[in-house]
Amino acid sequence: MTRAEELSAALCSVRERVRRAAETAGRDPGEIQLLPVTKFFPASDVEELYRLGCREFGESRDQEAAAKVALLDQAGHADIRWHMVGNLQRNKAKSVAHWAHSVHSVDNARLVTALDGARDAGEKQEPLGIYLQVSLDGDTARGGVDIAAADEIDQLCAQVVASEHLELAGLMALPPREADPDQAFRRLQQEHERVRDRYPQANRLSAGMSNDLEAAIKYGSTCVRVGTALMGQRPLTSR
């Protein structure tokens, strides 16, 4: 089987999983975005998925992503929307603001300020979409504001809304390790509803990956970030 055939088969399989999960939850499959996460995989894979209809991709390492963006732009695919889905440090804000359509891992005020300033200084005209990352188990070492810290979450939301070059998209979370996905995503859905009551524009929920996308969709995810189930195992050079 060629690489193109592998990607085509995997994409069909994941799309079917999303469709079934949405229908089981009584939702419209069209409201759920499938975001291929292509970190560690070559630009040629992105180009093949583009040929298969994908127009948005997730990356988690700035240097790798910036190189892919340049290659795909040169190949005539400047309409791709790129999402930063990995942990982001402030010293990378300038670069990421140059190529990203949105950032899914914002969890502190200094990063909000850095991204706002970097977007202002860059060439992008549209606002940078911001997903605030919350920690479902309080283990902020993996990134995210403790979901129990409602005041802190609200302050970050207010800061993004008040910024000039950012746009509040919604929330993002990683499920706790060895936790029940249903319980974790149910709690995330509750917090998302609370935030959305205060900030209606925060209507996006980035949750669910290869192993738990069905549970995430059940509890309101609008964006599932899929790597392994779509791309396969990471190349040995990434380990």
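The centres of domain 1 and domain 2, taken over C-alpha atoms, are 21 Å apart. The chain is assigned domain 1 (1–85) and domain 2 (87–205), with bounds that come from an automatic or database domain assignment. The model is predicted: local features need pLDDT of at least 70, side-chain atom pairs count only at pLDDT 80 or more, and totals for chains, interfaces and linings use all residues. Residues are numbered from 1 along each chain as its sequence is written, and side-chain values use heavy atoms, with hydrogens and water left out.

Domain 1 brings 15 residues to the contact and domain 2 brings 15 residues, where contact means heavy atoms within 4.5 Å. About 1200 Å² is buried between the two domains, 55% of it from carbon and sulfur atoms; buried area is the accessible area (1.4 Å probe) that two parts lose on being put together, summed over both. On the domain 1 side, Asp 62, Trp 82 and Met 84 lose the most area to domain 2, and together they account for 48% of what that side buries. Between the domains there are 0 salt bridges, a salt bridge being a side-chain nitrogen of Lys or Arg within 4 Å of a carboxyl oxygen of Asp or Glu.

**Pocket and cavity**

On a 1 Å grid over the protein atoms alone, a cavity is a set of points where a 1.4 Å probe fits but cannot get out, whereas a pocket is an open set with protein on both sides within 12 Å along at least five of seven lines; lining residues have an atom within 4 Å of a point. Grid points are joined across faces, edges and corners, and a volume is the space filled by probe spheres set on the points.

Both domain 1 (1–85) and domain 2 (87–205) give residues to the lining of the largest pocket, so this pocket lies between them. Its lining has 35 residues, with Val 37, Lys 39, Leu 174, Met 209 and Arg 234 nearest the centre. Helix α3 (62–74) and strand β7 (166–174) each supply at least two residues of that lining; helices (H or I, at least four residues) and strands (E, at least two) are DSSP runs, numbered from the N terminus.

There is 1 cavity of 30 Å³ or more. Residues lining the largest cavity include Gln 133, Asp 137, Arg 142 and Leu 174. Strand β5 (residues 128–135) gives the largest share of this lining, 3 residues.

| Space | Volume | Lining residues by class |
|---|---|---|
| Largest pocket | about 870 Å³ | 12 nonpolar, 14 polar, 9 charged |
| Largest cavity | about 60 Å³ | 5 nonpolar, 3 polar, 3 charged |

In these classes, Ala, Val, Leu, Ile, Met, Phe, Trp, Tyr, Cys and Pro count as nonpolar, Asp, Glu, Lys and Arg as charged, and the others, Gly among them, as polar.
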